[in-house]
Amino acid sequence: MYKRQDHAAVIADPQVLLPLEHLAALEHNGTIGELASNVISFMGYQPDVGRVIDELIPAIYRAVQAEEAQAALLVPS
C-alpha cells in the first residue's frame, strides 16, 4: 500500500528541499565560493541499480566535472 507523503514543510518553505536561496546568501557574503550554474537532480524509484551505477552516476560525474565544481551538496528528499 502506498503511503502518501507529508509535503507541508516543503510547501511552507521550498528551501527545506533545495536551499538555493540560503546557498546564494552564503556565496554573497563570501562564506562559500561561486555556485555552479546548474543543479543536477533525479528522483523516484530506481529499479535497475545497474543502470544507476553504469549510466546515471557517470553522467552526473561528467556534468559536475564540466561545471568544475569543487564540492557538492547532496540533499535527500
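Which backbone nitrogen lies 3.0 Å from a polar atom of the side chain of Asp-6?

Modeller: That's the backbone nitrogen of Ala-8. A quick note before we go on: this is a predicted model, where local features need pLDDT of at least 70 and side-chain atom pairs pLDDT 80 or more, while totals for chains, interfaces and linings use all residues. Residues are numbered from 1 along each chain as its sequence is written, and side-chain values use heavy atoms, with hydrogens and water left out.

Back to your spot. The Asp-6 to Ala-8 pair is a polar contact, meaning N or O atoms within 3.5 Å, one able to donate a hydrogen and the other to accept it, with sequence neighbours counted only if both atoms are side-chain atoms. Asp-6 sits in the segment before α1, and α1 itself covers 8-12. Asp-6 counts as exposed because its relative accessible area is 68%, and the cut-offs are over 50% for exposed, under 20% for buried and partly exposed in between, with a 1.4 Å probe and protein chains only.

Now follow the chain past α1. In the loop between α1 and α2 you'll find Gln-15, and this one counts as buried because its relative accessibility is 13%. Its side chain reaches the backbone nitrogen of Glu-21 at 2.8 Å, and a polar atom of that side chain lies 3.0 Å from the backbone nitrogen of Leu-20. Leaving aside neighbours within four places in sequence, Gln-15 is in contact (heavy atoms within 4.5 Å) with Leu-20, Glu-21 and His-22.

Zoom out a bit. The chain has 3 helices and 0 strands, so its pattern is simply α-α-α, where helices are DSSP runs of H or I with at least four residues, strands are E runs of at least two, and numbering starts at the N terminus. Of the 77 residues, 4% count as buried. The C-alpha atoms fill a box of roughly 45 × 35 × 15 Å along the principal axes. The radius of gyration is 15 Å, whereas a compact globule of 77 residues would be near 11 Å; the value is taken over C-alpha atoms, and the globule rule is 2.2 Å times the number of residues to the power 0.38.

The largest one holds about 1,600 Å³ of space and has 37 lining residues, with Leu-18, Val-39, Ile-40, Leu-73 and Val-75 nearest its centre. Elements giving two or more residues to that lining are α1 (8-12), α2 (20-28) and α3 (49-67), and α3 gives the most, with 5. A pocket is an open set of points on a 1 Å grid over the protein atoms alone, where a 1.4 Å probe fits, with protein on both sides within 12 Å along at least five of seven lines; lining residues have an atom within 4 Å of a point. Points join across faces, edges and corners, and the volume is the space filled by probe spheres set on them.

Look at Leu-73 there, in the segment after α3. Leu-73 is exposed, with a relative accessible area of 51%. Its C-alpha is 10.0 Å from that of Val-39, 34 residues away along the chain. Setting aside neighbours within four places, Leu-73 is in contact with Pro-19 and Leu-23.

One last stop is Glu-68, also found in the segment after α3. Glu-68 isn't a glycine, yet its phi is positive, about 60 degrees. Glu-68 is exposed as well, with a relative accessible area of 68%.
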